[in-house]
Each structure stands twice: as C-alpha cells, then as structure tokens.
Amino acid sequence: MSQTIEVKVPDIGDFKDVPVIDVLVKPGDAIKAEQPLITLESDKATMDVPSPASGTVKEIKIHIGDKVSEGALVLLMESADAAPTPPASEKAPTPPPPAATNSRGGIAEVRVPDIGDFKEVPIIEILVKAGDEVKAEQPLITLESDKATMDVPSPLGGVVGEIKVKVGDKVSEGSVILSLVTGDTSAPPPPSAAPSTSAAPPPAQAALTAPSAGVDEGAFKLAYAGPGARKLARELGVDLGKVKGSGNNGRILKEDVESFAKGGGAAQAKAPAAAADGAGLGLLPWPQVDFAKFGPVESKPLSRIQKISGANLHRNWVMIPAVTYHEDADISELEAFRVQINKEGEKSGGTKLTMLAFLIKACVRALQQFPSFNTSLDGENLIYKQYYHIAFAADTPNGLVVPVVKDADKKGVFDIAAETGALAKKAREGKLGPADMQGACFTISSLGGIGGTYFSPIINAPEVAILGVNKSITKPVWDGKQFAPKLILPLSLSADHRVIDGALATRFNVYLAQLLADFRRVLL
Ligand code: CAO
C-alpha cells in the first residue's frame, strides 16, 4: 500500500514566518525525492523546500504569500517509495501521474511558431515542467526580444514530456521546445497520429504580447517579478517598472499588478521605492537606449542571486550614509609567518592558513576593542552584540554570497581557515543554506587574491561597517633612516556615519593595522 506523507518545512535555520513566493507543484503531479516543492524568500535568501520522497502530490496546504516556519505543513503526498509495485492488472490505489494516463495519444514535438521577423530570441521563462498537464493554448515559454515579449502557447492538451530548451537559449521559428504526450480528446488532435509528430502551435500573432503604449520596456525587463506577475502585467497593459512590489525584497506580486491596474498605481508610481527609473526621486529617467542600433548585443537575465543581492545592495547604498577610510598594514612578518607555518603543514598535511583567516581573527580583536563596530541600529537604539560572527564575501559563478563564520572569537586561525575554505566551496557549489548566511556582525570583502589597490565596499545592513582588502604589495617604507621593503596590505573600511564617526573609524583602522603588523597584539 502507498503511504500518505505530510511534507513539512524542514529546519531553515533561524528563519521564521518566511513568505512562500512560489508553489512549484500541484495536486496530481508526480514528484521525485529532492524535487523542489515550494520557494521561500526571506530578506537574506531564497530557498526551495525539497520533497523528502518520490510520490504523487495529493493536497497542497499552503498558498503563495503564506508565512511559514519550521514544521509548517506544506502538502500531503502519496509516497511511491513506501508502496510496493502493484501487479500490472491491479488498479493503482491513487491516481497515477498525468504522464501515465494517456495511452491513446502520441508524442508531439512542440515548436516555436511563426514569430514574424524575430530570430534568435532569448527564452526568459519556462512556464511548465516535465509531468505538467497542460491545456491547449496554455503558455509554455516566454520569449523576450528587444521589442516584445511573447508567450508560446501549447498547440494541444497533454502532458509535458521532455523540455528541450532552457532559460537563456535563443530560438527562432521551428525550434523544438518540448515533447508533449497527447491524448486529450477535447483538444485539437496533432496533425498526424504517428507516435512522433511535429505540432505547430497557433500562429504567433495569437500569443504575441507586443509592448503596450507607454510601457517602459527596459524597466519592465528589470522589474523584480515572476512569470505570473509579468504575464498579468502584459495582459493588463501595466508598466511593471512603475509597480511597487509588496513581496520580499520588493518582489512584485500579482496582487500588486492588479491594484496598480485598478488605479492604486498612480499613487504607487510616485513612491520613491517604486521609481525604478529614478523619476520618483526627482532624478532624470533611466536612459533607454536601443543598443542594437550601435552593434550586435545579447540580452541575458540576471541570476536569482544577482536579483536578490542587487536589491539589498541598492537599499544599503541609498540608505546608509557610509564613508570609506583607507589604511596600509605592514604584513611582512605576518606573511612570512603564514608561509613558514604552511611549509611546516605541507610536511604534516595540515590545513592551509590563509590571509583571510588571520584577518578574521584580527577583526574580532578590533571589534572587541571598539564595540561600536559590533552593533546594529534599531530605531533610536544601538544593539551591542556580545558575539562575534564574521561574514566574508565569496565570489561564485552565480554572483556574490556572504557566508558567516560563527563565534570566530572562540576559534583558532587554523579552524577559521578550514571553515572559510569549506564555506567558500559550498558557496561556489550553490549549496549554502540560510543558516550559513545569517547572524553576521561584521563583513570582510577580500579581493586580495585578485588584485586592486583600494575600493569602497557597501555595508551589509544591518551591520555598521565592512572591511575591504586588496592585494598586498611590497613597497619601500621609510623607517627613519632608510627605505626598507615592506609587504603592504591595503585596507578599505566603510563605516555607517550615523554610528561611527571619522575619528573612531580611523582609530579602528590604525589598531587593525597594528594587529596585522605584529600579530602577538591579538593576544593582549
Ligand atoms: N594579498 C596578496 N595575495 C593574496 C591576498 C592578499 N590580500 N589574499 C589572498 N591572496 C593570495 C592567496 O594567498 C592565494 O595565493 P596562493 O594560491 O599562492 O596561496 C591566492 O591569492 C588566491 O586566494 P583566494 O582568494 O582563493 O583565497 P582567500 O582565502 O584569500 O579568499 C574568498 C577566499 C572566498 C574570499 C575568495 O575566493 C573570494 O571569493 N574573493 C572575492 C570576494 C569578492 O568578490 N568581494 C567583492 C565583494 S563586493 O563586490
């Protein structure tokens, strides 16, 4: 017998009441273990809740917009894992996945229809997934050229088989999109009853959602909204760039589009937060340029990490009156020590000490010496933290992420080096969980492995300071009698001026440089 499983929100770190921004399955869907079921989005991260087992979705217990915490019931499913395979003649106790229901139909290949003069148009959304049951005319993918956004509808009813394209692929008339297991007698039959047929969707004109008059296409493209909201905006002729999102990080929900269309939009458009084009801030509108006029171009959608971190960085840049203070630290002895210890480690096969690990340890000492740096603004109060969790920016193929080394004050430099190495690896593999990225007191952004001299890092709110580090370089330094070669590490400290004034920031920098110049001071 199959078994009904209650799928609940797993341990999601300290996150509570996190909004559901997407429900990725529906009753009747056949799902595999680990397949994402819903997407949650906090102000720090977007996370999918995976299925604990294979089976069939029975009942969904939540809606988009619900706020959930660990243990919340997501859905009921019939677990296939628990069920012995029934004999062929025996009727399955639960409805089989849709793909298995149509034995009379064939397999149709759905292709891009006539889309006018458009060629090599990028796919910006795939609206269905393998196993989905679709109706004739239901949109399958969304294409977006520099002139128009268009949905390609399904020519037939059926069940989606293999999806042959991915977001970012460029398609033209005739490109194969997916295979469709047909058999829905209510829909027009495929042109041929052969098992593999080529089904031309309705003419593109039926699907083409040309830009509405007055819609700013550039801002529409950049708006932070999912396919549902985008589609609705097209249908209602709403200029998405002017809609204020009420979802997490300003994500535009369908309701926002509806209320904008109903007239609330005029007021919204005036709100500064909604002014994607800067008009609401009294600024000139964002320049709209047809780049293709000047040479070949290619449009690629931002990654999910870029969209989320972009919204956070923008807020922090606009809202924090930050000043960046520079300092040079003489790390000649520290680097010699690091190299020496690593050589010894090579013999014993130990963890490699990194400059980042020493920096984390030195920053903890500096935060202890200057507690104002280990705070967060909370209205008119300043929260002083008595723990030392240090974040570091990690560059990944999908964008910037900021994992956190917890309780760095209680860890040795070897442990910190091992932990940053493991976190950076996890980050590059896209496997960081929410708990890995929360609770930071202070952030280090190290570009030392790449180069550069100084830069101006953006504070990671609600922290009040961030340390930027570039590549160390040997420079001649006057020691009172002569120039001596010293290995100099350029430091760039950005601090929130509401909490930290210039004198304090400079004292912090000078102290940090002293620690790095003579690491024994960390023990004092
Ligand atoms: N000066 C000179 N050399 C340095 C250095 C510095 N400040 N910091 C690191 N290096 C050297 C290392 O010693 C290493 O050399 P070897 O291979 O010879 O040992 C090399 O540069 C590569 O180091 P790394 O950058 O891979 O390792 P790390 O521990 O220093 O940094 C991490 C780890 C995760 C911080 C890094 O990989 C990373 O992602 N950096 C980018 C962060 C970023 O994008 N910040 C900008 C945020 S704002 O847009």
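Colleague: Let's start with a cysteine: is Cys363 buried or exposed?
Modeller: Buried means under 20% relative accessible area, exposed means over 50%, and partly exposed lies in between (1.4 Å probe, protein chains only). The relative accessibility of Cys363 is 0%, so Cys363 counts as buried.

Colleague: And what kind of model is this?
Modeller: Residues are numbered from 1 along each chain as its sequence is written, and side-chain values use heavy atoms, leaving out hydrogens and water. Local features need pLDDT of at least 70, side-chain atom pairs count only at pLDDT 80 or more, and totals for chains, interfaces and linings use all residues; this is a predicted model.

Colleague: How many disulfides does the count come to?
Modeller: A disulfide is a covalent bond between the sulfur atoms of two cysteines. The rule used here asks for a pair of cysteine sulfur atoms within 2.5 Å. By this rule, the number of disulfides is 0.

Colleague: Now the sheet: in what order do the strands of the open sheet of 4 strands stand?
Modeller: Strands are DSSP runs of E with at least two residues, helices are runs of H or I with at least four, and both are numbered from the N terminus. Two strands pair if DSSP finds at least two bridges between them. S1 and S8 pair over 6 bridges, S8 and S6 over 5 bridges, and S6 and S3 over 2 bridges. The pairing is antiparallel, and the order is S1-S8-S6-S3.

Colleague: Which strands stand at the edges?
Modeller: An edge strand here has a single partner strand, so one side of it is left without a neighbour in the sheet. That describes strand S1 (3-8) and S3.

Colleague: Is Leu491 buried or exposed?
Modeller: Leu491 lies in strand S29 (residues 483-496). Leaving aside neighbours within four places in sequence, its contacts (heavy atoms within 4.5 Å) include Tyr325, Tyr454, Leu467 and Leu516. With a relative accessible area of 0%, Leu491 is buried.

Colleague: How far apart in space are Leu491 and Ala513, C-alpha to C-alpha?
Modeller: Along the sequence, Leu491 and Ala513 are 22 residues apart. In space, C-alpha to C-alpha, the distance between Leu491 and Ala513 is 8.4 Å.

Colleague: Last one: what relative accessibility does Val289 have?
Modeller: Val289 lies in the loop between helix H4 (254-270) and helix H5 (304-319). Val289 counts as partly exposed, because its relative accessibility is 39%.
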